[in-house]
Amino acid sequence: MGLPGEQVLGNLKTSKDDKGARRQAAGLITPTIAGIGVALGCTLAWPLMAFQSMNLYVGLAHCEWVLDRAYLLSIVATTVTLALCGIFHKQFDRLLGSVPARYLFPIGMAVCTLLVLGAGNEGTVGTALVTVYGIGTGVFSALFLMNFGAVLGVLSLKQSVAAIAIGYLASTVLFFAFLFFGRFESVLFCASMGPVAAAFLFYGVSSLQIDKKQANALPRQADPEDPAEQRQLLRLICAFGLTMLVCGVSYELSRTLYVQMGQFASSDVAPYALAQACITTLTAIGSIGVALVLITSKGVRGPEACYRLITTFLLAGALLLPAPMLFPNVPAYLPLAIDVAAFQCLGMGMWILVAGLCRRYQTSCLFAFGLIRAAWSAGPLVGMLIGRWLWYGVGLDVAGAFTAACTCVLLTALVNNFVFTENTLARALSIMPTDRKQRFQDRCRAVIERYGLTEREGEIMIMFAKGRNLPYVQEELCLSKSTVSTHRQHIYQKLGVHSAQEMIDLIQEENG
């Protein structure tokens, strides 16, 4: 038992740590980070305004057809553009960093959005305007979105988390306000999102004292030189992308059917606005919770529990699909609020993980961001097409609703068990550059230099120091069991230790 004096000193230290943590948290919400967060919020709100509400299409002939065609063209153009930006990230970096790109991308978004005012014209002119509106908004919004991949690569993880949280809150509030506008006001408000986002984004970027001649201060984009690092990057890109692709299909399928069941497009906006208010509240609470868990947890249990809770709500939203048909008194906007809030919280968590990935692999951040966001965009497209086909093509009944619900549950189960497992989450968290991990890495580098370990020995030492077992190291580095064992024996000899715990103690004692 500690002495009273030791307890007092411990309490004083805890009090100082708490005060320091509060000061650090308060220091994150600066005008710079708030500006980047609002920019992200405007960018996230734009597709909600353009394609998840009928405000832009009220009064148009064949308004459902216009919305479906425009959304289809826009999301395809977005997916293709993001994929191309990721694949050709070395060339795109130069374009993204140019001054004309600062103005061209957001202005292009605004101009193409305004074309929807003429989308109600009959004949070739109307069709052409809808086509240009869909493709143009998809291309320019994707190009502008890539700016955030660059920004996440230069911000610290805590700054990124603060900006992302502000962005999600801002996007839901903006969309909620948008629902009460008339058509003309809605078009102008939606079109303004790109330029407003650009103004806030580049205010934040300039406040970071980044070179004024470019939009980012990233090192030159290149592939990782170490094959092990490259494999890890590709695995995480595939895991993140497939997760959002499959979950996006499930989410958008459910959302499309809920919207049709509730007849939000043809009824008074009040129920849908009420649902959006619920979504805003749930997302605010959930987003803050997800952010806090991911950046403060010292292990994988907290983030894992958070991830399981989000997927549970996704399952709940899917399982409730037949409810409005079985029980006519059950309003469709209540399960819709659960479904949308859960997916937005999942998106919030994924944004944070992607931020950590971009920060860790700065020279490949545009590659990672572009490919993940491309898969992220493709999921809702597939879900919407399936939902529209079920509703208009087949004619949804109770049996069809049960089939759709089972499909969504199956997709979520596949993600949990095969795509984004506990091991994937642990691997993703292990690369997130928190302050605590940075100190650990500094100590490891100091030990490697002090005791003259080779590059491979240092890599293996770090893995064992993180608690990885021998089979994990074998698989990760593609080495045989005997080779890893030999390297471990040489590491112990050089460090003068006899066990993994002694090695960890030695690293912890290193001042770096």
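**View 1. Seven salt bridges turn up in a search of the whole structure.** A salt bridge here is a side-chain nitrogen of Lys or Arg within 4 Å of a carboxyl oxygen of Asp or Glu. Helices (H or I, at least four residues) are DSSP runs, numbered from the N terminus. The model is predicted: local features need pLDDT of at least 70, side-chain atom pairs count only at pLDDT 80 or more, and totals for chains, interfaces and linings use all residues. Residues are numbered from 1 along each chain as its sequence is written, and side-chain values use heavy atoms, with hydrogens and water left out.

**View 2. Helix H9 (residues 227-262) packs with helix H15 (residues 398-419).** Their axes come within 10 Å and cross at roughly 165°. Axes are lines fitted to C-alpha atoms, for helices over the stretch in contact, and angles run from 0 to 180 degrees between N-to-C directions. H9 and H15 are therefore roughly antiparallel, a label for angles over 145 degrees. The crossing is left-handed, meaning that the near helix is turned anticlockwise from the far one by less than a right angle. Residues of H9 in the contact include Leu242, Val246 and Leu253; those of H15 include Cys408, Leu411 and Val415. Contact means heavy atoms within 4.5 Å.

**View 3. H9 also packs with H16.** The angle is about 125°, and the axes are 11 Å apart. H9 and H16 are therefore oblique to each other. Their crossing is left-handed. From H9, Gln232, Arg235, Leu236, Ala239 and Phe240 take part; from H16, Thr424, Arg427 and Ala428 meet them.

**View 4. Helix H11 (residues 301-319) meets helix H16 (residues 422-430).** Their axes lie 10 Å apart, at an angle of about 125°. That makes H11 oblique to H16. This crossing is right-handed. Pro303, Glu304 and Arg308 of H11 meet Glu422, Leu425 and Leu429 of H16.

View 5. Helix H3 (residues 63-87) gives the largest share, five residues. Ile87 is found in H3.

Notes: Helices (H or I, at least four residues) and strands (E, at least two) are DSSP runs, numbered from the N terminus. Angles under 35 degrees count as roughly parallel, over 145 as roughly antiparallel, 65 to 115 as roughly perpendicular and the rest as oblique.
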